[in-house]
Amino acid sequence: MVIQPNQHQTSETKGTASRRGLTRDAMVAAICGFVVVLMVGAAYAAVPFYNWFCRATGFNGTTQVATSAPTGAPLERKIAVRFDSNVAGGLPWKFEPEQTEIEVKIGEVVTVFYTVTNQSARRTTGQAAYNVAPLTVGAYFEKINCFCFTEQTMAPGETRQMPVVFYVDPSIVKDSDNDGLNTITLSYTFYPVREPAIKPLAAGEAEKSGGSEKGKL
């Protein structure tokens, strides 16, 4: 005898399977959405961590920031330091080092200058990023003073000299990875700042501004 399946039971079975399929799809979609949000959040968190890591270790040619000169006398060993300059698209500036290369003693504090000119007829703002090559030198290139990571606003046609004060850490001679090193390249690139930060007025400037406004009344 062949038993025919109950049509009502078959419909219920199909409906249950369909609901299970929808629940499973919704769960998969929710998990995928959570993973995407997690990845985006991790990407944003990774930026400041990556910057901190580079500055702390010299990774990827990131130089170090020193607060004072080295305590010992410079070594007799000398090394050539080359200076490179670049301007990203959208910033109408001329930017170049006053010297393209100098020879310094390891541990000697040196001051060099870059010259920048705003070639446009309007105020423009830029900000510089930097690195050194070869990348293994980043942990030993110490900058005491630098214009990098500070917004620079230039008036139309303005020319400005920007100093860089640095030294090469003497501990570099103990690093076998830099035994044959004889040249370091310090490279800067200026990028346009579309919305520069608004600087608060000094007390004197605020008073002058207030006085001029009162004079207009």
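The model is predicted, so local features need pLDDT of at least 70 and side-chain atom pairs count only at pLDDT 80 or more, while totals for chains, interfaces and linings use all residues. Residues are numbered from 1 along each chain as its sequence is written, and side-chain values use heavy atoms, with hydrogens and water left out. The protein has two helices and ten strands. Helices (H or I, at least four residues) and strands (E, at least two) are DSSP runs, numbered from the N terminus.

**Overall make-up**

- Read from the N terminus, the order of elements is α-β-β-β-β-β-β-β-β-β-β-α.
- Of the 217 residues in the protein, 30% are buried. Buried means under 20% relative accessible area, exposed means over 50%, and partly exposed is in between (1.4 Å probe, protein chains only).
- The accessible surface is about 14,200 Å², and carbon and sulfur atoms hold 57% of this surface. Such areas come from the Shrake-Rupley method with a 1.4 Å probe, and for residues only the protein chains shown count as cover.
- Among contacts with a separation of 6 or more, 76% are between residues 24 or more positions apart. A contact means heavy atoms within 4.5 Å.

**Nonpolar core**

- The largest nonpolar core contains 33 residues, and Phe147, Phe166 and Tyr188 have the most contacts inside it.
- Two or more residues of this core come from each of strand 2 (78–87), strand 3 (93–97), strand 4 (101–105), strand 5, strand 6 (124–133), strand 9 (159–168) and strand 10 (183–192).
- A nonpolar core is a set of buried Ala, Val, Leu, Ile, Met, Phe, Trp, Tyr and Cys residues joined through side-chain atoms within 4.5 Å.

**Aromatic rings**

- There are 13 aromatic pairs in the structure. Rings of Phe, Tyr and Trp (its six-membered ring) pair if their centres lie within 6.5 Å; planes under 30 degrees apart count as stacked, over 60 as edge-to-face and the rest as tilted.
- Phe83 and Tyr114 form an edge-to-face pair, because their ring centres are 6.3 Å apart and their planes stand at 90°. This pair links distant parts of the chain, with Phe83 in strand 2 and Tyr114 in strand 5, 31 residues apart. Phe83 and Tyr114 are both buried.
- Trp93 and Phe190 are also an edge-to-face pair, at 5.1 Å centre to centre with 65° between the planes. Trp93 is in strand 3 and Phe190 in strand 10, so their pairing ties together parts 97 residues apart in sequence. Both Trp93 and Phe190 are buried.
- One aromatic cluster is formed by Phe83, Trp93, Phe95, Tyr114, Tyr130, Phe141, Phe147, Phe149, Phe166, Tyr188 and Phe190.
- Lys143 lies over the face of Tyr130, 3.1 Å from the ring centre. A charge sits over a ring if NZ of Lys or CZ of Arg is within 6 Å of the ring centre and within 35 degrees of the ring normal.

**Disulfide and backbone features**

- One disulfide is found in the whole structure. Cys146 and Cys148 form a disulfide, S to S 2.4 Å, and both cysteines are buried. The term stands for a pair of cysteine sulfur atoms within 2.5 Å.
- The peptide bond between Ala133 and Pro134 is cis, with omega about -5°. Pro134 is in the loop between strand 6 and strand 7 (141–145).
- Phe149 is not a glycine, yet has a positive phi of about 60°. Phe149 sits in the loop between strand 7 and strand 8 (152–154), and counts as partly exposed at 40% relative accessibility.

- Thr115 is part of strand 5 (residues 110–118) and counts as buried, with 19% relative accessibility. Not counting residues up to four places away in sequence, Thr115 touches Lys94, Phe95, Glu96, Glu98, Thr159, Arg160 and Gln161. The C-alpha atoms of Thr115 and Arg160 are 5.8 Å apart, though 45 residues separate them along the chain.
- Asn145 belongs to strand 7 and is partly exposed, at 38% relative accessible area. Leaving aside neighbours within four places in sequence, Asn145 contacts Pro163, Val164 and Val165.
- Ala73 lies in the loop between strand 1 (64–65) and strand 2, and counts as exposed at 62% relative accessibility.
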